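Me: Please take a close look at one part of this model. Pick a single residue and the element that holds it, and go through the surroundings step by step.

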Amino acid sequence: DRLPDLLRLMPKAELHIHIEGSLEPELIFALAQRNGIVLPYASVDELRSAYAFTNLQSFLDIYYAGASVLIQEQDFYDMAHAYFVKAAADNVVHAELFFDPQTHTARGVAIETVIKGLHRACVDAQAELGVSASLILCFLRHLSEEKAFETLEQALPYRDKFIGVGLDSGEVGNPPEKFARVFARCRELGLHLVAHAGEEGPPAYIWTALDVLKVERIDHGVQAIKDPALMQRLAQDRIALTVCPLSNLKLCVFPDLAQHNLRQLLDAGLAITINSDDPAYFGGYMNDNFTQTFAAVGMDAEHAYTLARNSFEASFIDKATLGHYI
Ligand code: ADE
Ligand code: ZN
């Protein structure tokens, strides 16, 4: 069976990776030591054994705690560089990285430190690994829109170092329309727009992400299957869904991978992509997501080709460069 080799070897783009979610337990401990931080876990194994999640919030609590070891510009560089090495090994040739500045500025880390460290890693990824990369700044939706505006203001001196904005963190109770004004401002600024919607939240959140925030892609979006009119809208407008199968499994969105709806969404004609979300926490990078999902839901080489092509078509790679990939 040569399908797993095809999945591993085919060039692909990753469009849904929280760079703080690529922080492996070993690097968390190394950075804690470098920065003189005492962790509430005795060892790497003890930390990893705490990675047993029941829903999104149970994960977010430990994910924000893990990010607290990031202090210096070099810490952000080292985290992103480690991700790019893994991505290159999985034949990811293009990546669009989410980052959560508010997780760091709330601890007194300057946004300049965050953006400069991550951006330098993106530049080096191209030069050293042949991976093209760009950054998408995410607003934390459990915080206020006013806080999002403050974050945007702090980031604007580095406007040339990120290509867009997204919306993440706890979804239920924090609908996209809570951020209508700040997304309108980002749209005026010419930033690309995406949002997490329909991970745990209802199809209504996908509708308002599209119609109020005017996002270009939906992150997750798997709950769209509950709304036939929404399915039609997503198919007709070729709105990409950045689906993260191992994330959905670990956060109990689906009881097992065989019951994941990715194949149904793809066969319904939606622009589906496969992504890793928070690979250090969910037990798999891109090729793990591809090989395990294909085995579980029984997809074939044609599905593989469609998913790879979708990943480039849904990317924010400029039109001229896109021709090099598809
Ligand atoms: N932040 C990091 N991973 C996330 C996810 N899967 N959903 C919402 N916010 C996140
Ligand atoms: Zn995500």
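Predicted model: local features only at pLDDT ≥ 70, side-chain atom pairs only at ≥ 80, totals over all residues.

Reply: Start with Q126. Q126 counts as partly exposed, because 13 C-beta neighbours lie inside 10 Å. A buried residue would need 20 or more, an exposed one 12 or fewer.

Now the element. Q126 sits in helix 7, which covers residues 111-129. The 19 residues of helix 7 should then span 27 Å. The end C-alpha atoms of helix 7 are 26 Å apart, so the two values agree.

Next, the buried positions. In helix 7 these are I111, V114, I115, G117, L118, H119, A121, C122 and A125. An α-helix has 3.6 residues a turn, so residues three or four places apart point the same way. The buried residues of helix 7 pack against several elements. The helices among them are helix 5 (73-89), helix 6 (101-105) and helix 8 (145-155). The strands are strand 2 (92-99) and strand 3 (132-140).

Back to Q126. Leaving out residues up to four places away in sequence, Q126 touches V131, S132 and A133.

Last, the end of the helix. G130 follows helix 7. The phi of G130 is positive, near 70°.

Terms used
Residues numbered from 1 in each chain as written. Chains lettered and ligands numbered in written order. Helix = DSSP H or I, 4+ residues; strand = E, 2+ residues; numbered from the N terminus. Contact = placed C-beta atoms within 7 Å. Expected span 1.5 Å × (residues − 1).
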